[in-house]
Each structure stands twice: as C-alpha cells, then as structure tokens.
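The sequence and structure are shown below.

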Amino acid sequence: GGLATGCLLAKEGYAVTLLEQSTRVGGCLQSFYRDGLRFDTGFHFVGGVDANTHLYDFLHTLDLWSLPWVDVKAQDIYVGGELFRIPCGKEAWMQTLTQRFPEQTINLQTYWQTLEHIAQCPLQETLPYWEQSAWTWLNDTISDPLLRDVLSGASLLMDLNKERLPLFEYAEIMYSFFSSTKRLPHGGQDLLDRLLAHFTQAGGRVKCDAEVTRILETDGAVSGVQLADGERICADLIVSAINPTSTMGLLCEDSKMRGIYRRRVSSFANSAGCFCINARL
C-alpha cells in the first residue's frame, strides 16, 4: 500500500520519501530463500483482473500488467472433508456449481450478477454495499448451507466475520477469486521490483530502519515526523500505511485533530490477523 501510493504521488511530481520501519520495503510482497527454495510471505495470486474492475485499472496505471502473468484455472476449497474445485471464469464457474447444486441454479445466477455489479460499480456509488451485511445477503440469496460455505471458503483468507463483514468487501473478494485469477512465476518479488523501479525512477527516496514514533505539528498543521533514532523529517503531507489506531497513537496529545474523530478510530475493532508457517516438505 505505501509503495504503490508513493509511486502514484511521485509520478504526479511530488517529492516522496518512503519510511519503512523494517530492513526491507515491500511488506507482504517480500520473498525470502531457504536452501534454494523461494517462499512468498503473503502474495499468492491476484484475482479480479479482468477489464472494467478496479484492480485492472490500478495494474495498468502502475505498469504492472506487462509482468509475466500466468492464468490460474481453478481454486480448491475444502468443506467438510469434500474437495470443491471451483474454476475461474463465469461460464465454467456456473456450470460446475449448478451441476453440484442444481436446485440452486437461479440463486447462483443472482449471486454472480450481484458480485459482478458491485465489482464493476463506480466507487462513489458503493456506499450502500458497505452498509449492507454480507452474512445477511448471503443467507437471503443462497438457501443451501453447504453451498454458502463453499462460496465463502476463499473469503476466510480475509476476515469472514458475519457480525461486521460488509457486502462490498465480500463481493470484491469473491468476485476476484471467481472471475479471473492470475499469478506470477516469481511471486510477489516481481511486483515489488517493478514498483521499486518506478518509484526510484520518478525521484522517490526509500529510507529503511525508519520507524516513525511521532507525527509533528506546527501551528495546527502537520509539519513532519520524528523517527526512533531521533531524526526529524519535514513534510507538508503525510500518508500513513499502518493501522489507523496506531496512526492516532503517533499524534501529540494536544493535536489539533478532532478528539471525537481520534476516539472513534481508536474504538474500531481490529480485523483478524493470521499466523503463517512456511514448510519445506
């Protein structure tokens, strides 16, 4: 998120410095090697990259579409010990699921049409889908409980919390998995290298081991940041790519940012985290 934002701003002529608290930039796009094998820390494949989607435009804007993408033909989802191999692409997806759940044919058509509409809807018109519960919509649309589990299986990679998952987020996730999915032969490192190249070519500067401990303000306006080693960096604008609650914690106690806003952000529940094990078999 931070690197992509930095690329967009640098291309627009801003003087951008990317502050990375770790020893390497890239977050979940990073790869590492052990005994000659490459492991991706978070990147596996990218979904929803067909035309007219938000991600498709984003990949083209950042010149990431020209990377050596390879099609992923199907997703494997296990529910109750049964394997469901769900193909990517509307026609194959519909054929596979209607053969297994023939009584749900009409419901599956409604399901796909809704996901497609939300995924291709202009962002400024998506507010109703943020306010609608994905869990409620899914139960109203799909009457077979097993099919509901199958259609939600991939969403577990994000945050399938029935109490708070909005329909917009669910639709974006599921449409991305089912419509068109691609991967890169060298994983996230391909994306990271391309983004870094564009960022530096546009004049962007990277500073690692640069943990921000405080956001500085002068006369009620942001004026820079202070790092863990005491260094201060001046800035007219700051974009934070860390947890919003953590960002609020970097503000001074007498910050001019409205207290009601800070308290509201700090009161939000965090989404689920995940713990990953990379195993060589």
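In this predicted model, the buried residues of α8 are Leu167, Phe168, Tyr170, Ala171, Ile173, Met174, Tyr175, Ser176, Phe177, Phe178 and Ser179. The helix is thus mostly covered, with 11 of its 13 residues buried. Its length is consistent with its residue count: at 1.5 Å a residue, the 13 residues of α8 should span 18 Å, and the end C-alpha atoms are 17 Å apart, which agrees.

The largest nonpolar core comprises 32 residues, and Ile86, Trp93, Leu97, Tyr111, Leu151, Tyr170 and Phe178 have the most contacts inside it. Two or more residues each are given to this core by β6, β7, α3, α4, α6, α7 and α8. The largest share, nine residues, is that of α8. Apart from this core lies another, of 21 residues, which includes Ala4, Val16, Leu191 and Phe199.

Leucine 151 illustrates the packing. Beyond its neighbours within four places in sequence, leucine 151 is in contact with Trp93, Leu97, Leu108, Tyr111, Ile142, Tyr170, Met174 and Phe178.

Aspartate 229 is situated in the loop between β11 and β12. Because its relative accessibility is 58%, aspartate 229 counts as exposed, the cut-off being over 50%. Two distances involving this residue are tabulated.

| From | To | Distance |
|---|---|---|
| Aspartate 229, side-chain polar atom | Glutamate 231, backbone nitrogen | 3.0 Å |
| Aspartate 229, C-alpha | Arginine 34, C-alpha | 32 Å |

Along the chain, aspartate 229 and arginine 34 are 195 residues apart.

How values were computed:
Residues numbered from 1 in each chain as written. Predicted model: local features only at pLDDT ≥ 70, side-chain atom pairs only at ≥ 80, totals over all residues. Heavy atoms only, no water. Core = buried A, V, L, I, M, F, W, Y, C linked by side-chain atoms within 4.5 Å. Buried < 20%, exposed > 50% of the residue type's maximum accessible area, 1.4 Å probe, protein only. Helix = DSSP H or I, 4+ residues; strand = E, 2+ residues; numbered from the N terminus. Contact = heavy atoms within 4.5 Å. Expected span 1.5 Å × (residues − 1). Polar contact = N/O pair within 3.5 Å; in protein donor to acceptor, adjacent residues only side chain to side chain.
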